[in-house]
Amino acid sequence: MAGVDFVDVRKSFGAFPVIKGVNIEIEDGEFVILVGPSGCGKSTLLRMLAGLENITAGEIRIGNRVVNRLPPKDRDIAMVFQNYALYPHMTVRDNMAFSLMLKGSARGDIDKSVGAAADILGLSRLLDRYPRQLSGGQRQRVAMGRAIVRDPQVFLFDEPLSNLDAKLRVAMRAEIKELHQRLKTTTVYVTHDQIEAMTMADKIVVMHDGIVEQIGAPLDLYDQPANLFVAGFIGSPAMNMLNGRLDANNPNAFLSVDGTALPVARPAAAARGRNLIYGLRPEYLSLDPNGLPAEVVVIEPTGYETQMIVKLGGAEVTGVFRERVNARPGETIRLAIDSQHVHLFDAETGRRLID
């Protein structure tokens, strides 16, 4: 196993830059997820690590080796693709063994490695089947098994769950995380799904427009987003954001565009006199007969919780409530805000203002 370092890595297609000076340090054995919207550069970064794309500038290191010019086969990595990339004319056994056969490994060693990987992934009964005889989840496990038998220094996953249905994605998330805990191999995983990132990663790298917006543990990014992009991207439902300024006569009150006073526990000194964005996670709204009036727009019961969109402070705001809500669209309810969990962002720069 080995760590991975991206040092001022850049990539341009002609005159168009797509990766703009990325620096990431991945420790040996870490599970790191690159997350961001389509076109942010995360898959390009993974392909450069794999050797499938040349880099324009900077260095990529696996362990202590700079691998910029090494071909993929010499980088000691194994990649699991979005579309499984299985050979349809080969059995599960032969698909998993193929890379070892190309290396000229002894048949006994191949059988031992394939058997061990099949046991880990629950594929022992399926070794003589062909890909067409497998479900989507089973095919993905075969693709993972093909990577495991190589015993690489680094696993690479390129949106491996995007072709699966919602229930199977949840199951496969747990399987991949359990696999990493068992093998403890350095893993770099790409997804656009921030729920995957939050539930699976040791460390998340949030990317946007070819740059790294923030790096950190999942809950650190959720609780302390560096800027508006991270705040809006991490978390589902997304953070509520309202425009306004601090009340000149009361620094612990935020005045939204319609004049509604919203509580602020610890306003940063830098927030005074600025145009601000008031950020609040949906779970920090609660029903309170003495709270602020809010008009119900949409109610979405999910069973264990109720999501509700209301008009508050001149904007539509989402709340998540554990209790059953007895209200209808058009009615007025009253909501309290947990001011200890309010974030203030500079409206011009998008940076979070810290007290």
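Colleague: How many helices and strands does the protein have?

Modeller: This is a predicted model, in which local features need pLDDT of at least 70 and side-chain atom pairs count only at pLDDT 80 or more, while totals for chains, interfaces and linings use all residues. Residues are numbered from 1 along each chain as its sequence is written, and side-chain values use heavy atoms, with hydrogens and water left out. Helices (H or I, at least four residues) and strands (E, at least two) are DSSP runs, numbered from the N terminus. On that basis the protein has 8 helices and 19 strands.

Colleague: What percentage of the residues of the protein count as buried?

Modeller: Buried means under 20% relative accessible area, exposed over 50%, and partly exposed in between (1.4 Å probe, protein chains only). The C-alpha trace spans about 80 × 45 × 35 Å along its principal axes. Of the 355 residues, the share that counts as buried is 49%.

Colleague: Which residues does UniProt list for "domain: ABC transporter"?

Modeller: UniProt positions are given in the numbering used here, feature names are shortened, and annotations may be inferred rather than shown by experiment. According to the unreviewed UniProt entry, the domain covers residues 4–234.

Colleague: Why is helix 1 described as largely enclosed by the rest of the structure?

Modeller: Helix 1 comprises residues 42–50. Its buried residues are Lys42, Thr44, Leu45, Leu46, Met48, Leu49 and Ala50, and just after the helix Gly51 takes a positive phi of about 90°. Helix 1 is described as largely enclosed because the buried residues number 7 of the 9.

Colleague: What covers the buried residues of helix 2?

Modeller: Helix 2 runs over residues 92–103, with Val92, Asn95, Met96, Ala97, Ser99 and Leu100 buried. Just after this helix, Gly104 has a positive phi of about 80°. The cover of the buried residues includes helix 3 (107–121) and helix 4 (136–148).

Colleague: With the side chain of which residue does the side chain of Glu30 make a polar contact?

Modeller: Glu30 is found in the loop between strand 2 (16–26) and strand 3 (31–35) and is buried, with a relative accessible area of 14%. Not counting residues up to four places away in sequence, Glu30 touches Glu25, His180, Thr185, Thr186, Thr187, Asp202 and Lys203. A polar contact is a pair of N or O atoms within 3.5 Å; within protein, one must be able to donate a hydrogen and the other to accept it, and residues adjacent in sequence count only if both atoms are side-chain atoms. The side chain of Glu30 makes such a contact, at 3.2 Å, with that of Lys203.

Colleague: How far apart in space are Gly29 and Thr187, C-alpha to C-alpha?

Modeller: Gly29 is placed in the loop between strand 2 and strand 3, and counts as buried at 19% relative accessibility. Beyond four places in sequence, Gly29 touches His180, Lys184, Thr185, Thr186 and Asp202. Gly29 and Thr187 are 158 residues apart in sequence, whereas their C-alpha separation in space is 7.1 Å.

Colleague: Is Asn240 buried or exposed?

Modeller: Asn240 lies in strand 11 (residues 240–247). Leaving aside neighbours within four places in sequence, Asn240 is in contact with Tyr278, Gly279, Leu280, Arg281, Pro282, Leu285, Val317 and Thr318. With a relative accessible area of 6%, Asn240 is buried.

Colleague: Which residues does a cis peptide bond join?

Modeller: Most peptide bonds are trans. The cis bond in question has an omega of about 0°, and Pro237 lies in the loop between helix 8 (228–233) and strand 11. The residues joined are Ser236 and Pro237.

Colleague: What is the phi of Asp8?

Modeller: Most residues other than glycine have a negative phi. Asp8 is found in strand 1 (residues 4–13) and is partly exposed, with a relative accessible area of 32%. Its phi is positive, near 45°.

Note on methods: Contact = heavy atoms within 4.5 Å.
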